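Hello,

Here is the structure I promised to pass on.

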Amino acid sequence: MAIGFVSGSLLLLCAVTCVLWKPISSLQQSPKLPQIPVIVECRDHHLFISIDLPPSGNEPRFEAVDGGGLYPITEYYGAQCGYTYSVQPLVGRAVLRASYFSCHTENQNDEVFTFKFRMIIEEQMGKESSVNVSKTCSVPPFYPREVTCEENYMEVSVESGLPCPYPGAVKSDFIAAFSVAQQSAVEAIQVMLQAEGQQPEVMSLEDVANQGYFIMLTPGRIVFRSSFGQPHASFRMVNGVAVEVIQATVFFRQSWTVVMVDLVAACSLDQGSFDGHRLHWKTPAVMTPLLIGPSDLMSEYIGIQVDGQVINEQAAKDRGYAVTVSEDTVNSSIPFAAEGGVRKSFVIDNVYHELYTVELAYEQVFVDHSGVRTRQNVLRPMATPPIAHPPFSVNQTAPEERAFTVFLGNIPFDVELVSVTLNGQEYSVLTAVQMGYSITRIPQENNTFGYILRVPFDKAVVEKLYIAEGLFQYILEINWTLNIMPQGEAYYHLSSVMALFRDILPPVFDSMCSDNGISFQRNHREYDYLWDFAIGRFPLSEQLASERGYIMNNNSNTLILDVPLFTSGYVYEEINLQHFYASFEVQTRNAKTLSIEQSSAQRCLFQTTELLVCSTEGVLTVVGDITKAVPSIDPARTTLLDTSCRPLEFDDRKVLFSFGLNTCGTRVQIDQQYVIYENEIIFHRLYSTVSKPVITRDAAYRMTVRCIYPVHGTESLFVDRKFKAETVATELKDPVTVLPQMLNPMSLQKQTKPSIQRANLVAEERHQHGPKKPAQTMPADHVRVVKWSSPLSEHKFRQTRT
């Protein structure tokens, strides 16, 4: 054993008083405070006090209180007096542990201990508030020898009446100490400190106290305490574990007897380690510095406590704790974030961190050959370092999907994505989803999550840069806003992604106006096979161009399409006697779906000569040149078949009529293939009467205008006072021979020419200088043939005469 007595006079030591501490002032009661979250618990080896840090972040201060006054608990004073004070700012709490044999603690027979403290809190404005904390603890009997290893001190206490070790068990250094004690012992208590390999040094109690050691007598025990790293401590390697040892011998002379008590403390210096998954700590299986005699010390019990709670075998298994006892060492390990510890997450420098702290208490009971028990208590608060969990992002974009796909990973379970900022525009997750952005949360390994964000290229928020022909660069900067729940502490992650994409846009024609029509041109590209071109609902081909009079030149590099004015496909607008607008459109269609994806249209201004237009809405517009009548006629006296339908405009050369096919006396005739609408522009001569003879040279003038529609393309007819057609007339080419009977009013003959799904208009002009000739004998060169083309059935006629 580490305690030896040469005499049975040890009881006299109870009269020795502690000379280390002097009262400083009387206790001043603090004003009552609002409730402060304080935890006060009596534990096996100490009093435990925990307080949450105030919002100001200032560390609370503690003062010990006894009948003599207040004693600030500083780092140095705490190590001497048995107080361990630590602040854990990342966890947000401060902890005070007080030994049952600490200074200023009331002790009743080493069974009941009363603690009194004053806690001072500095508020945000610098104002201090205080609260009194007191606690009485009843503890079970102590073991004959108790060795306690705290964070900042070592403490050993022994019973006063332990027997002397038998001579054969006494170590040589104890015998040497005994020899020195015999020579140096006086009536006053003395202390001998002996470091390994050095000569013993004998000091008075006052000298020992001045060097930072503490010795106290209780009703039934002797207590010795020392902070770590004192000059008289020694360091040893015990079974591969660093151990600090300090040995003090208390002695004095009484009459002819020397009373001597040996106090030895030994503590493992292992601070623990963290392998990324578990916290580990180890100590020698047998702490040999505590032995005096041969190595016959037997281990009776090994156990651990976590957060002051004894962990039985089943609880340890459930929580994943492990205590492995080998021949040389005892290894304890606790998994990260296991029950019993405190896990805390927080933000440092815009990076998510977490740490885990646990208060481990290791307990081992030794039994020597004489049956005397020694209990070693090790308090080892352990903590992982702050573990960073920076998020990472992966650009998973597949350009052919025409959307950014970005993965954000390593998001801990207590973190929530609250918003995304896309190229400077911030959206909450809910708003982003409502706007068509996809945000999906998916579970990952190690209790983490990931998010997948999809942003289509065509969203306005995406930046698009033109690089080269058909090559674009899409750019998206994403600022993810993440909140740690429930405290709502935010941190951010920036992802910058870009995609080069050969954006295969539908081809567009360059177009240009000329005096005689409109020209379209485009260069061939690699991806032209994805589209085709159409005029209205008809695909553009060599055959279509030939039938309609287009001039198309398609070589390996360029496609050129010249569209002469008045060929099929034009749209005519704002027609008057001076000019009109004509538009032509070439459509680009998807080769698979035939859906229109692009349109190339050109609108040009042309001078008006002669024009006749029939629309699919059933409106006929005609501009006629009357100067060809011989002799000349007065345009103001022209009408349609219904003489109330007069020209909308006229000058000395031309007249303009515009009327519905169901108005102005228009005639209609239907056969199996066509619907023909016909009207006439008529000049009214001045007639002489018997009473009022008039000499006139007015010519007889008639011009017939016709619209010929395929029957299958006409939705409603003039006969029910409505008109609507899908298509308009077939096209007649110049020069054309029209049978005389086709020119007679409402004389429809079946054509021998193949039907083309367009409307045909024929205008007939007759000039008479005497008796009227039969129409069927009229020479062909007196016929004006109207030729027209347009998706909207607008038409132009051209005169040919000899």
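Which residue in strand 34 is the bridge partner of Pro-443? That partner is Phe-449.

A word on the ground rules before the rest. This is a predicted model, in which local features need pLDDT of at least 70 and side-chain atom pairs count only at pLDDT 80 or more, while totals for chains, interfaces and linings use all residues. Residues are numbered from 1 along each chain as its sequence is written, and side-chain values use heavy atoms, with hydrogens and water left out.

**The sheet**

Strands here are DSSP runs (E, at least two residues), numbered from the N terminus. Strands 33 and 34 run antiparallel and are joined by 6 bridges; two strands pair if DSSP finds at least two bridges between them. They belong to an open sheet of 4 strands in the order 29-30-34-33, with antiparallel pairing. Strand 29 (392-395) and strand 33 (438-443) are at the edges with a single partner strand each, so one side of each has no neighbour in the sheet.

**The largest pocket**

A pocket is an open set of points on a 1 Å grid over the protein atoms alone, with protein on both sides within 12 Å along at least five of seven lines; a cavity is a set where a 1.4 Å probe fits but cannot get out, and lining residues have an atom within 4 Å of a point. A volume is the space filled by probe spheres set on the points, which are joined across faces, edges and corners.

The largest pocket has a volume of about 550 Å³. It is lined by 21 residues, and Glu-354, His-389, Asn-446, Asn-447 and Thr-448 are the closest to its centre. Two strands of the sheet described above return here: strand 30 (403-412) and strand 34 (448-456) each supply at least two lining residues. Strand 30 gives the most, with 4 residues.

**The cavities**

There are 6 cavities of 30 Å³ or more. The largest cavity has a volume of about 130 Å³. Its lining has 16 residues, with His-45, Ser-99, Phe-142, Thr-148 and Glu-155 nearest the centre. Strand 10 (145-149), strand 11 (153-159) and strand 27 (373-383) are the elements that give two or more residues to this lining.

**One residue to look at**

Thr-421 sits in strand 31 (residues 415-422). Why does Thr-421 count as buried? Its relative accessibility is 15%, and buried means under 20% relative accessible area (1.4 Å probe, protein chains only).

Best wishes

Methods: Buried < 20%, exposed > 50% of the residue type's maximum accessible area, 1.4 Å probe, protein only.
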